[in-house]
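Hi everyone, thanks for coming. Let me put the model up on the screen, and then we can walk through it together.

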Amino acid sequence: MPAERAYSETLNNGIPLTLRFRSVKLFRITVKPDGSVEAVAPRRMGVGAAMALANERGEWVRAHREAALARRAAAPQYVTGESVPLWGCMYALRVVTGRPGAVLRDGVITLSAPEGADAAARRAALLALYRRELERGLPALVEKYAAALGVPAPQWSLRDMRTRWGSCTPARGTVRFALMLAAKPPLCLEYVVAHELAHLRVRGHGPEFHALVAGVFPREREARAMLG
């Protein structure tokens, strides 16, 4: 079977496109988070036919590419001069060269990373600070809400979760908390602890569950608004 064919093309609207031919049945086109555009076509299809299909989706590509580039531009790069959150407050960021890590001192978060580290590596260094902060605060909160809910204190862990603030596996008696909770006001962490531990008694989010959470954490609505 011949190797994959790849071409650098341009859509009619001027957007650059990487066109690949693979062993697939259907044509597809995607916009990646960095704004680059890739189309994959069946091997038997010609370049002209593939580009005709791509151009039919030109408006969709333009809109999604603009959205991707806007999100990328708005994303923090974790460089000196930016501000980063910790416990609901914004602190000036100072970046220096060194072993990965971050510390809050005199109202400034100093982040150290190896020379040439990219934004992802600098973010990971900041998350190390978040982890330390959460590890200090979580044990007492887990004990508090385990007692309030009448459940055994579960095993807990910290994860870099992008789409949720916490999760619970009742069958294993384990809970997980997002590292980004350290960016939010402390009330948010307390709410997420109460919420996830309540799942050790009630699975799902029905009226019984919300009544249980409200019974031990009356400020649920306030905390949820802060979480966004």
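Let me start with a question: which residue stands opposite V95 in strand 8? It is L111. Before I build on that, a word on the ground rules. This is a predicted model, so to speak of local features we need a pLDDT of at least 70, and side-chain atom pairs count only at pLDDT 80 or more, while totals for chains, interfaces and linings use all residues. Residues are numbered from 1 along each chain as its sequence is written, and side-chain values use heavy atoms, with hydrogens and water left out.

On confidence, pLDDT being the predictor's own score for each residue from 0 to 100, the protein chain averages 95, and 99% of the residues score at least 70. Confidence is lowest in helix 2 (residues 58–74), with a mean of 90, and highest in helix 4 (residues 186–198), at 98.

Now the overall picture. The protein chain has six helices and 11 strands; these are DSSP runs numbered from the N terminus, helices being H or I of at least four residues and strands E of at least two. The C-alpha atoms fill a box of roughly 65 × 45 × 35 Å along the principal axes.

Four strands form an open sheet in the order 5-6-8-7, with mixed pairing; two strands pair if DSSP finds at least two bridges between them. At the edges sit strand 5 (83–86) and strand 7 (101–105), each pairing on one side only.

On one side of strand 8, six bridges join it to strand 6 (residues 89–97), and these two run parallel. On the other, strand 7 pairs with strand 8 (residues 108–113) in the antiparallel sense, over five bridges. Here L104 stands opposite I109, and A102 has L111 as its bridge partner.

Is strand 8 enclosed or open? Five of its six residues are buried (under 20% relative accessible area, with a 1.4 Å probe and protein chains only), so strand 8 is largely enclosed by the rest of the structure.

Key. Buried means under 20% relative accessible area, exposed over 50%, partly exposed in between (1.4 Å probe, protein chains only).
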